[in-house]
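Here's a quick briefing for anyone meeting this structure for the first time. Have a look at it, then read on.

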Amino acid sequence: SPVPATTPGANMPGDALRMEEFVRPWERRSVKYLNAKVLRFQQKHDKAERVERQYREEIQNMSDVAINAEAVECFRMVKESVLPVAQQRRVFDALDLGSLTKRTALTSSNSDSGYLVAPKPLLTEIFLLVEKHGVARRYFRPITIPSGTNGLKLDNLATEAVASWTDEGANITAISLGIGQGEIGVKKLAGISAWSAEMDEDALIGWLPIFVASMARAIFKKEDLAGFRGDGTATYGSFTGLLIASTNIVTLDAGKVSPADADADDYRRIRDAVNIDFRDGAMWFFAPSEVSTLEGLRNTQGDYIYRQPAAGLPALLWGYPIADSVGINALTQTAAASLKFCAFGDPRHMLMAMKREVDMLVSNEGVLQAGDGSISFNALQADGSIVRTTERIGFKQILTTPIAVGRTAAA
């Protein structure tokens, strides 16, 4: 019997259903968007232009109701993300969600370059992952580098302001502030991987978000390593992280050559190394293993010192919270002498510069190289695909004394 007109897939014979009946329109447009980028990368400009034309025509034919519905979906995704309000606002600003109801925000006239505006819901998912998994993004002070530049010049406060009492009618004592020059720049952080040809266009719709989430986590780990442990070398994007940038160092007593040797008095000394004027918003930064060590500390009566096993989070150490309560993976290091292993202070003294554009490229003609330069995956030969994501970020500490860093004793 014929399929009722109200049944999904009624325009097809029998009870067969197309994949598109199960996905939202913006997900199908996302596939067209990625396919167009692949064709441009392959220099197949004629085919790329056809796909791009279809992509733009689909957008131009969208009704105002459909555009507004997509805007509402983006707002819903952000609001239901359980991110703090400040991070939600950064996502709104980065994606310019307020302009989504304008047709000009959905298209581009620059067809010669193959430039396409990605579906905003797809970008919303990506940026929510950026904000959710990036530890440095949650705690450091964010700044935006203006478009068209790779850095931002900074005037750093090298000395503190000084106030003095002045008699009525007397001249106010002139105090000169020490101003230092600096610059915060951004560098590209990229991730790349591959998949097999069996991932056809329909499967791509359901599978790609999972893959992007996995790649995003890999990028966030590099981000946090640079922000917390960067030593200025290429391994960390040439950035200097919080542990290395701080000049306020507290060294454990002789013989304490492992972070596990630190006791409550050592952490009190690290806290006291930060002037109380700078403790507003201060917190502890530990590796998960150090938090576990704290949780295992007991007094002479056998009672747990940091918190009881059944107690909730967050617990406080000398009156201040531990970031993320269970520690930060980026601070995990092998125990050693003279090792900078923890920090205490207000993380807003650390800047994280962001050029927020996240770019995705999919290709079935590229190759992946192993560390020794050999080809580990040839997309063309293996009939597979390679996906690449990139972003541009930077780090700089503006005051080095308000954050104290704990260091193990020398060997």
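Which element of the protein chain has the lowest mean pLDDT, and which the highest? Strand β3 (residues 179-185) has the lowest, at 48, while strand β14 (residues 403-407) has the highest, at 97. Here pLDDT is the predictor's confidence in each residue, on a scale from 0 to 100.

This is a predicted model, where local features need pLDDT of at least 70 and side-chain atom pairs count only at pLDDT 80 or more, though totals for chains, interfaces and linings use all residues. Residues are numbered from 1 along each chain as its sequence is written, and side-chain values use heavy atoms, leaving out hydrogens and water.

**How confident is the model?**

- Across the protein chain the pLDDT averages 74, and 62% of the residues score at least 70.
- Residues 1-22 sit below 50, and this stretch has 17 contacts in the model beyond near neighbours in sequence; a contact means heavy atoms within 4.5 Å.
- Residues 195-200 also stay under 50, with 13 contacts beyond four places in sequence.
- Where pLDDT is low, the predicted coordinates should not be read in detail.

**The overall picture**

- You'll find ten helices and 14 strands in the protein chain; these are DSSP runs numbered from the N terminus, with helices being H or I of at least four residues and strands being E of at least two.
- Of the 411 residues, 44% count as buried, meaning under 20% relative accessible area, with exposed over 50% and partly exposed in between (1.4 Å probe, protein chains only).
- Among contacts with a separation of 6 or more, 73% join residues 24 or more positions apart.

**Nonpolar cores**

- A nonpolar core is a set of buried Ala, Val, Leu, Ile, Met, Phe, Trp, Tyr and Cys residues joined through side-chain atoms within 4.5 Å.
- The largest one has 25 residues, and F140, F228, F285, I328 and F395 have the most contacts inside it.
- Elements that each supply at least two residues of this core include α7 (201-229), β10 (350-363), β13 (385-397) and β14.
- Beyond its neighbours within four places in sequence, F285 touches several residues, among them Y139, F228, I328 and P347.
- There's also a second, separate core of 21 residues, which includes F286, L294, A315 and L339.

**Helix α5**

- Buried residues of α5 include L122, F127 and V130, along with K120 and E131.

**Salt bridges**

- The count comes to 13 salt bridges, each being a side-chain nitrogen of Lys or Arg within 4 Å of a carboxyl oxygen of Asp or Glu.
- D272 pairs with R271 at 2.8 Å, N to O, and also with R279 at 3.7 Å.
- Both arginines are buried, R271 at 15% relative accessible area and R279 at 13%, whereas D272 is partly exposed at 39%.
- R307 and E295 meet at 2.9 Å, N to O. Since R307 lies in the loop between α10 (288-296) and β7 (316-317) and E295 in helix α10, the pair ties together parts twelve residues apart in sequence.
- D253, K256, D263, D266 and R269 are linked in a network of salt bridges.
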